[in-house]
Amino acid sequence: ITNLGSANELPVNEKFEVREIHIFATPDIEVNDVYELFEEAMLEFKLNNNRKLIVPAIFCAGKAKAYGIMEDLADGASDSFVSPAGGPFVLDIPLIIPGGVKFEVIFRTGATAAANGDSIVIALRGKLTRS
C-alpha cells in the first residue's frame with residue numbers, strides 16, 4: 001500500500017531525495033511482537049532493481065512510546081501500543097529517486113511475523129522536486 005499515485009514509481013517530472021527513513025508499527029500488532037519484529041527485520045531499498053541500501057530495521061524504528069488503552073470498559077480488557085527506540089535513520093548522502101524509475105522499499109522479517117492484517121508503516125522523508 002502506498003500514498004503515491006502509481007505504486008513504486010514517481011511521475012517523470014518529479015524527483016525525491018530520501019533523507020530520513022522512519023518505520024513504526026500500527027497499534028494492531030501485539031506489543032510483545034513489536035520489538036522482536038524490528039530486532040530481526042531488515043529494510044532494503046532498491047532503485048531500478050539494484051540494491052542501494054540494506055540496514056537493520058531497528059535503526060529506522062521510531063522512538064519508544066507506550067500507551068495503555070482501555071479497550072472494553074465492561075470486561076476491563078486493555079490494549080497497548082508501543083514502538084521501539086531507534087530511528088529515524090538519517091542518511092548523510094540522500095538516496096535520489098528519479099521520476100519514471102522503479103523503486104522498492106522491502107521490509108524483510110525474521111522468524112517473528114505480524115499477524116495477518118497487521119501493518120508496518122515505512123515513511124520516507126525528504127525533498128520532492130517537480131520540474
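Reply: Asparagine 49 is found in the loop between β2 and β3, in a model that is predicted. Phi of asparagine 49 is near 65°, a positive value in a residue other than glycine. Asparagine 48 lies in that loop between β2 and β3 as well, and its phi is near 55°, again positive in a residue other than glycine. As background, most residues other than glycine have a negative phi.

Both asparagines can also be described by their accessibility. Asparagine 49 has a relative accessible area of 58% and is therefore exposed, the cut-off for that class being over 50%. Asparagine 48, with a relative accessible area of 51%, is likewise exposed.

The account now turns to the strands on either side of the loop. Strand β2 comprises residues 42–47 and runs antiparallel to β3, to which 6 bridges join it. Within this pairing, leucine 43 stands opposite valine 55 in β3. In general, strands of a sheet pair through backbone hydrogen bonds, either parallel or antiparallel.

These two strands belong to an open sheet of 3 strands, in the order β3-β2-β7 and with antiparallel pairing. The edges are formed by β3 (50–56) and β7 (103–108); each has a single partner strand, so one side of each is left without a neighbour in the sheet. On average, neighbouring strands of this sheet are turned by 15° against each other, direction ignored.

In summary, the loop between β2 and β3 holds asparagine 48 and asparagine 49, and the strands that it links are joined by 6 bridges in an antiparallel arrangement.

Notes. Residues numbered from 1 in each chain as written. Predicted model: local features only at pLDDT ≥ 70, side-chain atom pairs only at ≥ 80, totals over all residues. Heavy atoms only, no water. Pairing = 2+ DSSP bridges. Helix = DSSP H or I, 4+ residues; strand = E, 2+ residues; numbered from the N terminus. Axes fitted to C-alpha atoms, helices over the stretch in contact; angles between N-to-C directions. Buried < 20%, exposed > 50% of the residue type's maximum accessible area, 1.4 Å probe, protein only.
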